[in-house]
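My notes follow the structure.

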Amino acid sequence: MTLPQFKFLAPTNLDEACALLKKHQGKIKVKAGGTDMIVRLSHRAVKPDYLMTLKKIPGLNEISWDDQGGLVIGALALLREVEVSPIILEHAPMLARAAHATATVQIRNMGTVMGNICNASPSADNIPTLVAMEASIVAFSERGQREISLDDFFLGPGRTALAADELAIAIKVPAPAPKTGVSYQKVSQRSKVDIAAVNIGALVTLDGAGNCARVRISMGAVGPTPLRARQAEEFLAGKPASAANLAEAGRLAAADASPISDVRASKEYRKLMVEVLSQRALAEASGFAAGN
Amino acid sequence: MSDNQDFSVVGKSLPRSDARIKAVGAAQYADDIFLPGMLYGKLLRSPVAHARIKSIDTSAAEALPGVKCVITGADIPKIKYGNWRLVPESQDEYALAIDKVRFIGDEVAAVAALDKDTAEEAVRLIKVEYEELPGAFSVDEALAENAPVIHDEYQQQTPNISLDRKISYGDLDRAFAEADLILDDVFTVHATSHAYMEPCSCVAEYDHDGRLTIWTSTQAPYFVQCLLALTLEMRENDIRVIKPYVGGGFGGKMEMRPWEFCAAFIARKLGRPVKFTLTREEELATGRRRHPMKIHSKVAFRKDGMILGKEFIVHLDGGAYNSMGPTACFLCGNFGAMLYNYPNYRYYGAHVYTNKPPAGAMRGFGAPQALFVAETQMNMAAEKLGLDPIDIRLMNAMETGDEIPGVATISSCGFKESLLKVAEMTDWRERRKNLKPGQGIGIGCYSFISGGVFNWFNTRYNFTRAEVRAFDDGTVHLMTMASDIGQGCDTVLRQILAEELGLKISDIRLTAADTAVTPQADLGTWGSRVTLMAGNAVRKAAQEIKEQLYKMVSLKFDLNVIHDMRCKDGKIFPANRPDRNISFGEAVRMAQRANRGEPIIGYGSYTPRNKGLVTPAFSFGAQVAECEVDRETGAIEVKYMTTAHDCGTPINPMAVEGQLEGSVHMGLGYALCEQFIMKEGKTLNTTFLDYKLACAEDMPPGVSVHIDTYEPDGPFGAKEAGEGLVSPTAPAIADAVYHATGYRCMDLPITPLKLLKGMKKI
Ligand SMILES: Cc1cc2nc3c(=O)[nH]c(=O)nc-3n(C[C@H](O)[C@H](O)[C@H](O)COP(=O)(O)OP(=O)(O)OC[C@H]3O[C@@H](n4cnc5c(N)ncnc54)[C@H](O)[C@@H]3O)c2cc1C
């Protein structure tokens, strides 16, 4: 399909970009890789007067690590860059797995991880792992810079906590505590390249005795926003990651999920998958934690 | 058995003649055509599944600047059309709805405007008042008492059954009485999309001489020509249909469709060219699809595995119009009795109207459905009788010379060889013993037609015709209406002609699929008819050329009349004296001189004769699928496909291989992931995001082997390849899934949810 008419803006620094955002509030949309935005435009799901690309702003694609601050993923870092980055593979390999699980290599060479987050689709591949890892978004506007925890970032499908004049400029992922492991699990209708019917990110930190000290589970595609499996997290705290405990945690996670039936999967299937996948994610994460 | 001559061009994996132009992106499809002053058309489609049209107000649309024309059913001749011209009452469609709409997507009005956005806007401005009627959305609903009658304008024996077919032979009651095992099962199979890469598109132009020309993405230019003539009330010869490059069809482009009519109608009305191109959403939401069916199949076996008989009752969920449903209904009955010898057989098939997008022809034409059932039941019977699934098949398999009562004689058959070959290649018996939990291996088989005999279109011409012109520079020009829609017949027909004339493929120019210049007629690309039928016609035309040229060799060398002659390597010579040769071009020059300038032209036609009502030749094959199932998530991974098939002589083995891979892709989608999610006649998954085609990464590795047979009725021994092979994949995968999980699928597709329910996990 053809694109509708709009003015194309390509600011070359953040201040200019934010000024444009403010000036054209309500009539402007932001594009990073465009793999979501261009589709929405051609389907006339959005009809902005202005489309602003971030691609001409230098420095937004950096991926960096420091032992205190943890990981920073710039807003323009491509899915493919995250998938193969030596820094990510060393410090947060599950983020690479989630990026790899997103679409096809052609799309990954266009799309960004930040775009995946800001698009705020309940089934987005890169969100559950980042939520589990307590990531936050650095938001920037003329008013200054602030950090929004991913736990508070999603308001509904396609809706985020970013204000109309704010740009997301980076993802911050804190350095994980010792004895921490992470896992990403996904099922979809088609076996390989597909949107998730359910996806789960899990983080487990073990204490000296080998019990679960901290557990975070994020569930995708089972609610309007990514959901935390709080009952399961609380249940596991202080307990060993035994098969029986993980099975119970899986059941509790399913109880916390509130999926709907839609063209991609039925409610009953999604519930069962939350149970299966959270169990698998917790098993893998605690296994990694024990090895770390 | 193979031909006694060794081939020079046939049987070689030559690159396709369209490979280069497609690889560089220069091939022009209908949507690539831009004519001066061209308008853009858009259809208004019904948002309701079943309703009477009370009024249509087009004034706002007409007032929109840029809109040049708006038409509705009131503006067009009230003439119904359909491909089944032999049965006039089966022609049940108007190009634009006149009294009623019968499915969501039924075409109600058309707009032509200066640009696409304006046309779309204008369509939104048309106001239609509907009086909604209750709908029927399944075979059961349509056949229930007090069901809404979908076509109430003519009397049907049973409301909503547009057409039925019965076949019966032998003594079935006795077969059931004598049986040791009776399988009595009801299966349901679902609709899938052709998902051709190129959505339908056409450009129509009406010139000052009163001729209409239409470039259209079609499999059957001749059908479009005839049915446009009918519905536009024009003479066939005043309509020129040209097939540009076509990006796939799979059966979905073998009818005249409303956008072709509307483009032509508006072009004639305004004297300006008009283009219609469908969106993918329109294709998925409203397009033709494979027939969903409800199949009741009862099969009688003796305890040693011998089939005694079968009763096969099929209800086709046809959607709102007949489309190609009647053919599917006929063929289902034939495919139900194929592959094995069913000494006693009874078929009842009924084509049922429902308020859904019409199902039409689609790769396999009734075979994937009938054979999913038949092959699954063979696997069930083997298990119940304690036999190996391959042994029970070998015991019942058809062979060369077998006859299907009143239908056909099998003139070549490599079925048993195919079964033995896949058993050997997969180490079948050992593999079946050594499966780990979650692993499965299963088998499915097929047979298919090489073109149809039954003349439902009621053509007044031969089924296909070729004209070959020979030139004294050693080249020839082949003219045929056979339509390459991506399957490669332009290449294959050139190979056949080059072989016959002893030329190289590069010596052959081709003009195809233009009703004004290529010989009348060819019925189109469907039913795997082109290689055999057009191939035979091309060969005959070439033989006429050869006769003319042989005379020149005889003359020049003063040869004895008994000499056999050969054309090879660009030369013509007596078979036993290759030294006495003249070049092809020289022979043409001499023949032309001898005839005082008359050009050297050969004609050939083909219409099947004495081959029963179904087809001149059947292909056969067997396929084994190996799967791994995640028994907690229900995810199925097909690990490997092994195929052995009999297509007679593969004219171009590389093209055959392409067909095989494509059919595995389509068969795998049919088995596992492709389906339309429908609610009250509305298709909910209308993009490729949610209509799940298997991706490249989902394609399993595999191997395929050609079984060497020679089809006496085919050109150089060739018969069908690639359409039939879409059938065995689903039953083979379903059988593998059964062995991996214990879940026997009776209701395609095998989704994770159904599988987990079958395994009692949900
Ligand atoms: C064929 C195909 C397959 C796909 N498969 C998958 C899949 O398997 N899994 C999956 O999760 N997704 C999938 N997607 C969706 C998409 O590719 C991803 O969501 C991708 O990460 C989006 O990134 P982008 O840079 O292209 O975003 P864009 O399209 O540029 O933007 C997406 C949204 O985020 C906003 N945005 C982007 N950057 C910023 C910023 N810095 N500040 C504020 N707002 C911003 C935009 O305004 C827009 O609303 C697929 C898409 C396609 C076309």
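I looked up Arg596(B) and found it exposed, at a relative accessible area of 79%. Its phi is positive, about 50 degrees, although Arg596(B) is not a glycine. I place Arg596(B) in the loop between α16 (584-594) and β25 (600-606) of chain B. I note that this is a predicted model.

I then checked Phe716(B), which also has a positive phi, near 50 degrees, without being a glycine. Phe716(B) counts as buried at 1% relative accessibility. It sits in the loop between β30 (702-706) and α18 of chain B.

Next I listed cis peptide bonds. One joins Gln520(B) and Ala521(B), with omega about -10 degrees; Ala521(B) is in the loop between β21 (508-512) and α15 of chain B. Another runs from Leu748(B) to Pro749(B), with omega near -10 degrees. I find Pro749(B) in the loop between α18 (729-741) and α19 (752-758) of chain B.

Last, I turned to domain 1 (4-26 + 463-606) and domain 3 (293-454 + 612-758) of chain B. Their C-alpha centres lie 36 Å apart. I read 28 residues of domain 1 in contact with 23 of domain 3. The two domains bury about 2000 Å² between them, 65% of it on carbon and sulfur atoms. Gly527(B), Ser528(B) and Leu532(B) supply 27% of the area that domain 1 buries against domain 3, more than any other three residues.

What is the count of salt bridges between domain 1 and domain 3 of chain B? I get zero. Across this interface I do find ten residue pairs in polar contact. On the domain 1 side, α14 (489-501) and α15 (530-557) are the elements that give two or more residues. The residues of that side divide into twelve nonpolar, eleven polar and five charged.

Methods:
Residues numbered from 1 in each chain as written. Chains lettered and ligands numbered in written order. Predicted model: local features only at pLDDT ≥ 70, side-chain atom pairs only at ≥ 80, totals over all residues. Heavy atoms only, no water. Domains from an automatic or database assignment. Contact = heavy atoms within 4.5 Å. Buried area = accessible area lost by both parts, 1.4 Å probe. Salt bridge = Lys/Arg side-chain N within 4 Å of Asp/Glu carboxyl O. Polar contact = N/O pair within 3.5 Å; in protein donor to acceptor, adjacent residues only side chain to side chain. Helix = DSSP H or I, 4+ residues; strand = E, 2+ residues; numbered from the N terminus. Nonpolar A, V, L, I, M, F, W, Y, C, P; charged D, E, K, R; others polar. Buried < 20%, exposed > 50% of the residue type's maximum accessible area, 1.4 Å probe, protein only.
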